[in-house]
Amino acid sequence: MLYVNGNWVEEGEPSIQAEDRGYNFGDGIYEVARIYQGRLYQWEAHLARLFRSAREIRLDLPWNSAQLSEIAAQLMAKNGITSQDDAILYLQVSRGASPRQHDIPQSSEPVLTAFVRRKERPLEQLNNGISAKLVADIRWLRCDIKTLNLLGAVLVKEEAKDAGAADCILHRDGIVTECSASNFFAVKDGQLYTHPANNLILHGITRQTVIDLALKSGIPVQEEAFSIDFVKQADELFLTGTTSEITPITSVDGQPVGNGQVGHVVKKLQALFEENIRMQVSV
Ligand code: PMP
């Protein structure tokens with residue numbers, strides 16, 4: 001059962017208008033939040049980012065946090081999500097339907113679409129790591145907005161897959177930004193390095209959690225631009241995201257990272273993250 005614009009809709013039922021701007025222009029925003037054991041994780045941070053994305057695209061959201069939280073709770077209940085379930089909550093807001101023209105219409109009503117899907121944690125990748133390929137970052141210059149326009153991300157991911165890699169590490173003008181649907185970290189001499197949270201990357205909620213956990217446990221973090229060469233000399237690499245959590249990257253362009261095994265810094269961060277999940281879902 002899905003939520004579309006105030007209605008509960010059965011899977012497969014038509015629900016989107018042909019001239020919905022989300023559909024025609026990718027004119028909208030979204031969030032993906034994690035549900036662990038039937039409980040939303042980092043929900044407040046996802047709500048805050050949704051409101052920020054809306055502001056950045058000049059979209060007034062007619063729902064407040066409490067209303068969105070109520071819709072999320074109802075979605076979980078209607079879909080039978082219990083404390084046995086790990087799942088994701090997807091929530092998108094398009095600018096709504098309006099005769100097709102680029103100008104932002106005065107009168108369109110935003111359309112909220114939301115659903116939950118049961119989703120296991122990616123344990124195999126978390127334990128063993130993945131391969132990655134360096135790929136040119138062809139996306140636009142407002143990657144900080146979580147917009148429905150994901151074609152750039154789709155194409156870079158496909159380029160990595162064509163080369164037999166699981167994901168891409170994106171670079172722009174020689175500087176490494178992030179991955180197709182996650183943030184990127186390098187470990188060198190016991191310190192974490194990640195791109196600053198500016199317009200060139202999504203300000204990942206998992207990224208911030210990892211930074212906070214690292215700093216709290218005495219691991220220094222440098223939020224600064226770094227090059228492809230730095231990545232090639234790193235001791236460990238990993239990516240972070242709501243569904244990918246903290247995934248080690250053990251090879252880049254076919255070359256092993258460090259000794260090719262999952263490193264001890266990433267393992268330590270994974271353990272801290274695990275503890276953080278357990279704390280949040282048990283309160
Ligand atoms: N960067 C991009 C491009 C993403 O799509 C995502 C996933 N939403 C992330 C980073 C990770 O963000 P988060 O940790 O908030 O899921």
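How are helices H6 and H8 oriented to each other? The points below answer this and then go through the rest of the model, which is a predicted one.

1. The two helices. Helix H8 covers residues 264-282, and H6 packs against H8 at an angle of about 105°. The axes of the two helices are 10 Å apart. Angles of 65 to 115 degrees count as roughly perpendicular, and therefore H6 and H8 are described as roughly perpendicular to each other.

2. The residues between them. On the H6 side, the contact is made by Thr209, Val210, Leu213 and Ala214. On the H8 side, the residues they meet are Leu269, Leu272, Phe273 and Asn276. By type, the residues of this contact of H6 with H8 divide into 6 nonpolar and 2 polar, with no charged ones.

3. The ligand. In total, 14 residues surround the ligand, and the closest are Leu202, Gly204, Ile205, Thr206 and Thr242. The shell is made up of 7 polar, 5 nonpolar and 2 charged residues.

4. Together with strands E11 and E12, H6 makes a right-handed β-α-β unit. E11 and E12 (residues 221-223) pair in the parallel sense, over 3 bridges. In this pairing, tyrosine 193 stands opposite glutamine 222 in E12.

5. The hairpin. E11 (residues 191-194) has another partner in strand E10 (residues 183-188); these two run antiparallel and are joined by 4 bridges. Valine 187 stands opposite leucine 192 in E11. E10 and E11 form a hairpin with 2 residues between them. Aspartate 189, in the turn, has a positive phi of about 50°.

6. A general point on sheets. The strands of a sheet pair through backbone hydrogen bonds, in either a parallel or an antiparallel way.

7. The six-stranded sheet. Elsewhere in the model there is an open sheet of 6 strands, in the order E2-E1-E6-E5-E3-E4, with antiparallel pairing. The edge strands are E2 (7-9) and E4 (39-41), each of which pairs on one side only. From one strand to the next, the twist averages 25°.

8. Strands E5 (residues 87-94) and E6 (residues 111-118) are antiparallel and pair over 8 bridges. Alanine 87 stands opposite arginine 118 in E6. Tyrosine 90 has phenylalanine 115 in E6 as its bridge partner. E6 is also joined to E1 by 2 bridges, again in the antiparallel sense. Here valine 4 stands opposite threonine 113 in E6.

9. Helices on that sheet. Helix H2 (residues 43-56) lies across E3 (28-36), E4 and E5, and runs at about 175° to E3. Helix H3 (residues 65-78) packs on the sheet as well, touching E1 (2-4), E2, E3, E4, E5 and E6. The direction of H3 makes about 40° with that of E6.

Technical notes: Residues are numbered from 1 along each chain as its sequence is written. This is a predicted model: local features need pLDDT of at least 70, side-chain atom pairs count only at pLDDT 80 or more; totals for chains, interfaces and linings use all residues. A residue is near a molecule or strand if its C-beta atom, placed from the backbone, lies within 6 Å of it. Ala, Val, Leu, Ile, Met, Phe, Trp, Tyr, Cys and Pro count as nonpolar, Asp, Glu, Lys and Arg as charged, and the others, Gly among them, as polar. Two strands pair if DSSP finds at least two bridges between them. A crossover is right-handed if, with the strands pointing away from the viewer, the path from the first strand over the helix to the second runs clockwise. Axes are lines fitted to C-alpha atoms, for helices over the stretch in contact, and angles run from 0 to 180 degrees between N-to-C directions. Angles under 35 degrees count as roughly parallel, over 145 as roughly antiparallel, 65 to 115 as roughly perpendicular and the rest as oblique. Two residues are in contact if their C-beta atoms, placed from the backbone, lie within 7 Å.
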